[in-house]
Each structure stands twice: as structure tokens, then as C-alpha cells.
Amino acid sequence: MEKNDMIRVLNENHTDFLSLQFTDIPGSFKNVTISADQIEKAFNNKCMFDGSSMEGFVRIQESDMYLHPDPDTFLIYPWNTQSGQAARLICEIALPDGTPYAGDPRHVLKRALKKAADQGFTFFVGTECEFYLFQTDELGHPTTETNDTAGYFDLGPLDQGENARRDICLNLEQMGYEIEASHHEAAFGQHEIDFKYAEALTAADRFVTFKMVVKSCANENGLYATFMPKPVYGRAGSGMHINLSLFRDGQNAFYDESSQNGLSHIALNFIAGLLLHIKSICAVTNPLVNSYKRIIPGGEEAPSLVGWSANRRGTLIRLPASRGKSTRIDLRNPDPTCNPYLSFALLLSAGMDGINRDLLPPPSIASGESFEEIQKNTDVLPADLGEAVQFMKSDPFVKEVLGDLVFHKYVEAKEEEWRQYSTSVTEWELRRYLNRL
């Protein structure tokens with residue numbers, strides 16, 4: 001939309017507030033809300049905020065940042081707030097002189113997309129996101145309790161979160177999302193919603209909005225939604241499978257009908273690049289201490305072995321059976337707490353590194369092989385966040401993709417997170433040692 005068209009739509013819908021949204025380096029969705037009389041100012045890129053207040057952004061003396069709205073992200077929310085109807089624009093962050101801010105995760109992804117586009121490629125991403133719906137206590141604080149006793153693909157009345165999930169899907173569809181699947185997951189209180197693939201920048205924008213909608217609809221239903229990878233010991237973790245594909249000249253570049261398995265040489269190159277760099281990318285795709293309590297050696301849902309297969313679901317990279325325009329790579333280790341802009345940028349760049357260097361992956365893992373057999377000749381993902389950050393620091397590729405500022409700020413934040421966790425005394429330690437030693 002042009003500026004005047006957006007103003008007209010806002011007036012026609014009696015929209016009093018506009019939410020200017022952006023993402024910080026760790027991946028938290030931020031928001032500046034302006035009233036109707038400030039809308040012209042926003043469209044002229046004149047809305048400013050204090051960057052020194054954002055985690056990992058800038059020093060106090062460099063704090064002035066400007067929000068540049070992307071008109072392609074304009075939408076009016078399908079619900080009313082207490083203050084009336086609201087709309088949103090996702091913004092990029094700029095310095096006072098108008099140049100893009102190097103610490104803006106959206107800019108990092110746009111830079112990676114441009115490099116691929118210069119070689120004729122368009123990058124598409126589809127996400128399959130899992131989350132838990134928990135009850136709240138009498139003060140409205142989240143618990144890990146659920147009155148949901150449903151299992152995989154079950155319906156109500158066992159599935160107590162079905163109404164919330166239906167509200168989520170209806171709101172997303174009114175916002176232009178095409179929902180491909182919505183169902184109860186394996187654990188009590190666990191759910192999954194998948195939406196149709198899109199060009200990577202749009203997919204990242206949609207994902208951060210999706211998380212906001214999930215939390216809002218859960219709250220309206222008296223529940224709390226969490227994307228924490230492993231909120232309950234002994235229950236399934238919540239992951240985010242990422243489906244990746246490259247197109248060139250309108251055709252799926254991963255498909256080759258003349259090959260034995262329908263995969264092109266470019267697809268094999270891309271897989272090889274992912275496998276080469278995945279350990280150093282893990283600190284971004286799996287960014288929390290808690291993330292590594294979901295990635296368990298021998299696990300099928302969140303595999304730890306760095307391999308690929310066309311027919312084994314438990315591999316790190318799986319190739320769904322669809323071919324033609326639907327040919328894609330399913331990466332199974334990421335979780336929904338990741339920053340999608342940084343994650344998609346790194347995954348694309350890893351695949352492009354495989355293409356540019358004409359790398360080929362190791363043999364695919366056969367469906368009949370046992371975990372023990374595979375483990376003998378296959379690398380493993382980092383065991384914890386501390387190890388993941390060390391792999392990230394050791395691979396110059398990651399710094400090149402993220403840029404100096406984002407790389408150093410991200411590493412600094414994750415090393416501090418790991419230090420705090422490592423020096424904390426947990427309830428598990430107290431239960432195990434306090435009365436025995």
C-alpha cells in the first residue's frame with residue numbers, strides 16, 4: 001500500500017492506534033504504539049526510540065534510533081482492544097542519518113536474501129510450530145498445569161485447548177495467513193499450528209506475529225501459551241520444524257525429475273552446507289539453556305545426530321515425499337524461541353555456501369539403521385548452550401553472516417546466560433544433595 005492508501009484504510013476502519021513493531025537481537029518482539037494524529041509522522045520515518053534501552057543495541061551516546069515502517073506488513077488486527085481497533089506495521093531500524101542499523105535482525109535477513117537473489121534464487125520458508133497451553137493461578141500467573149488429557153490428533157472434550165486453538169486460527173486467517181494444519185500434539189496441553197510457506201522475510205514477519213496472536217488468544221481463553229522448548233520434565237518438547245526451499249525462474253531449484261530421488265544437485269549442495277554449519281548455527285536456532293533439554297541423544301522428535309534422510313523421520317534433515325514445486329528440506333532441530341530473522345539468514349547462507357563450494361553431503365541415513373549404528377559415523381549437535389556458543393565462535397561463517405555487531409552482542413548475551421545458569425543452585429541439586437552430604 002501507498003501511504004495515502006494506508007491512511008484511508010485506517011480512517012475507514014476508525015482505527016485510533018498504530019503499533020510500530022520491531023525485533024531486538026535476542027528475538028523479542030518490541031512495540032511502540034502511536035495515536036492517529038502521529039500516523040503521518042510514522043509514514044515519514046520520523047518516529048524515534050531510545051536504542052540504549054533495547055538489549056544488545058547501542059551505547060547511551062548512540063541511543064537515537066528511527067523506525068522505518070515496511071508498508072508490505074500493514075494490517076488491521078481482527079480484534080478490538082480496550083482503546084478501540086488497532087493496526088500494525090513491522091519496522092526496520094535506522095540511524096539518524098537514515099542508514100540501516102547494523103544491529104537490526106530484519107536487516108541481517110534482507111542482506112542474506114539479497115546475496116541469494118543476486119545469484120537468481122528466492123528463498124521460501126514454512127514453519128511448523130509447537131506450543132503448550134497451561135492454566136494460570138488465582139493471580140493470573142502461568143503454571144505448568146493443564147486439564148487437557150488429549151493426545152496426538154485427539155478432539156474435544158479431551159482437548160480442552162481446542163477453543164483457544166480455533167480462535168488462534170480464525171484470527172490468523174483474518175490477517176491473511178493460510179493455515180495448513182492445526183492439531184493437538186503428543187503431550188497433554190501441547191498443540192501445533194502450521195501455515196503455508198512464504199518468501200523468507202514474510203515468513204519471519206508472520207512468525208513473530210503468530211507468537212503474539214497465540215499468546216493473546218490463549219489469554220482471552222483464560223490460559224497461558226508458552227513456546228518454551230521443554231517446560232515439563234518427562235513430556236514432549238516444543239519444536240519448530242523449518243521447511244526450506246529455493247526457487248529460480250519460477251521453478252523449484254531443489255527438484256530434478258531426472259534424478260533417482262527427485263532431488264537436484266543444488267538440493268544436495270544445500271543439504272551439505274546445512275550439515276557443515278549446523279553445529280555453529282545451533283546457538284541461534286536453539287538459543288536457550290532449556291533448548292538443549294529437548295535435544296536428546298537417540299530422540300526421534302528432536303534428533304541430535306547430524307545427518308539426513310529421505311525416508312527416516314528421526315533425522316536432523318528430512319526430505320518430505322512431495323516433489324515438483326513442493327520439494328523441500330525439513331530441518332527438525334530448531335525451536336520456537338529462536339529469532340527467525342537471524343535463523344533464516346544463517347540457514348539460507350549455510351545452504352548457499354554449500355552451493356557456491358559445490359559441497360556434497362555424506363550418504364543419507366537408511367530407515368532400518370539403529371541409533372547405535374548411525375552414531376558410529378555421524379557427528380552430534382552441541383550438548384548444551386555453552387558448547388553451542390563455542391561452536392558459534394569457532395566458525396567465521398556465522399560472524400560473516402550476522403555482521404560484527406550482532407555476532408558480538410549475541411555471543412556476549414548467550415555467554416552471560418550460560419554463566420548465570422552454570423552458577424545457579426537448582427531445586428534438583430537441593431533435592432539430591434542437601435540432606436545427603
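Biologist: Between which helix and which strand is the loop that holds His 14?
Modeller: This is a predicted model, in which local features need pLDDT of at least 70 and side-chain atom pairs count only at pLDDT 80 or more, while totals for chains, interfaces and linings use all residues. Residues are numbered from 1 along each chain as its sequence is written, and side-chain values use heavy atoms, with hydrogens and water left out. With helices (H or I, at least four residues) and strands (E, at least two) taken as DSSP runs numbered from the N terminus, the loop of His 14 runs between helix H1 (3–12) and strand E1 (17–23).

Biologist: Is His 14 buried or exposed?
Modeller: The phi angle of His 14 is near 55 degrees, a positive value in a residue other than glycine. Buried means under 20% relative accessible area, exposed over 50% and partly exposed in between, with a 1.4 Å probe and protein chains only. Because its relative accessible area is 63%, His 14 is exposed.

Biologist: What is the phi of Asp 358 near?
Modeller: Asp 358 is placed in the loop between H7 and helix H8 (371–375), and with a relative accessible area of 46% this residue is partly exposed. Asp 358 is a residue other than glycine with a positive phi, near 50 degrees.

Biologist: With which side chain does that of Arg 332 make a polar contact?
Modeller: Arg 332 belongs to the loop between strand E16 (329–331) and helix H7 (340–356), and its relative accessibility is 2%, so Arg 332 counts as buried. A polar contact is a pair of N or O atoms within 3.5 Å, one able to donate a hydrogen and the other to accept it within protein, where residues adjacent in sequence count only if both atoms are side-chain atoms. At 3.4 Å, the side chain in contact with Arg 332 is that of Asp 330.

Biologist: Over the face of which residue does Arg 206 lie?
Modeller: Rings of Phe, Tyr and Trp (its six-membered ring) pair if their centres lie within 6.5 Å, and ring pairs link Phe 131, Tyr 177, Phe 195, Phe 207, Phe 210 and Phe 227 into a cluster. A charge sits over a ring if NZ of Lys or CZ of Arg is within 6 Å of the ring centre and within 35 degrees of the ring normal. The charged end of Lys 211 sits 5.3 Å from the ring centre of Phe 227. Arg 206, at 5.6 Å from the ring centre, lies over the face of Tyr 177.

Methods:
Phe/Tyr/Trp six-rings, centres within 6.5 Å; stacked < 30°, edge-to-face > 60°.
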